[in-house]
Amino acid sequence: MPIPRRLSFTLIGVLILAATGARCGPPLDLSQALEVTDVNTGWYDDGLLNGVSHILPSISFRLHNRSNDAINGVQLTVSFWREGEDGEWVSLQMRGIGSQSLASGASTDILVARPAHGYTVEGLRADMFTNHSFHDAMAKIFALRGGKIFRMGEHRLDRKLIPHQPATH
C-alpha cells in the first residue's frame, strides 16, 4: 500500500527531528561544566617602555572539564577592572578550548591572559605597588560558546611581580 505524499513528507520530517533531537538537550552550562583551576595572578614585569618601568596585569589558569561530556569551541574574555573604578579597564579575548575537544575529567594546558596595557612608572619596579597612580585590579573571566556568555569567576590580582621572560623564537 503506497504512502500518501503528504504523509511521507511528514514522516520524513518526524524522522529527521527524532534523529537530531536525540542529541539535543538543554544547552551546556559552561559555568557548571568547566572549573577554573591552578590560578596564578600578579603583575608581569614587561621591562622598560620609553625608559620607564612597565608592568602588565596577568592571570594564568587552566580549565578543567568536570562534565560527563567532551567540550570544544570555547572562547574566553578576560576583563581587568581597577579597584575604585566603575568600568572595565582593559580586556582581551582568547581561545579557551579549540576545535579539539577537552575530554571529561581533563584540563587544558595553562592559559595566560596578559593585555598589552598596564602601568608605566618612573623608578624601581619594587616601588610600583606603593605609587600613588597604582590601583589594585580584579580579573573577571567569561566563557562564550554557542552565542551564550557564562561568568566563570573573579580573581583579585596579587601584589607580586611576575619576572620578565624574554621571547623565545
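Student: Why is Glu83 called partly exposed?

Tutor: Buried means under 20% relative accessible area and exposed means over 50%, with partly exposed in between (1.4 Å probe, protein chains only). Glu83 has 44% relative accessibility, so Glu83 counts as partly exposed. This is a predicted model, in which local features need pLDDT of at least 70, side-chain atom pairs count only at pLDDT 80 or more, and totals for chains, interfaces and linings use all residues. Residues are numbered from 1 along each chain as its sequence is written, and side-chain values use heavy atoms, with hydrogens and water left out.

Student: What makes the contact of Arg156 and Glu83 a salt bridge?

Tutor: The term requires a side-chain nitrogen of Lys or Arg within 4 Å of a carboxyl oxygen of Asp or Glu. Between the side chains of Arg156 and Glu83 the N to O value is 3.0 Å, so the pair meets the rule. Glu83 and Arg156 also belong to a salt-bridge network with Asp136 and Arg159.

Student: Why is Asp38 called exposed?

Tutor: The relative accessible area of Asp38 is 51%, so Asp38 falls in the exposed class.

Student: Which class does Arg62 fall in, and how do you know?

Tutor: Arg62 is at 25% relative accessibility, so Arg62 counts as partly exposed. The side chains of Asp38 and Arg62 form a salt bridge at 2.9 Å, N to O.

Student: How many salt bridges are there by this rule?

Tutor: The count is 6.
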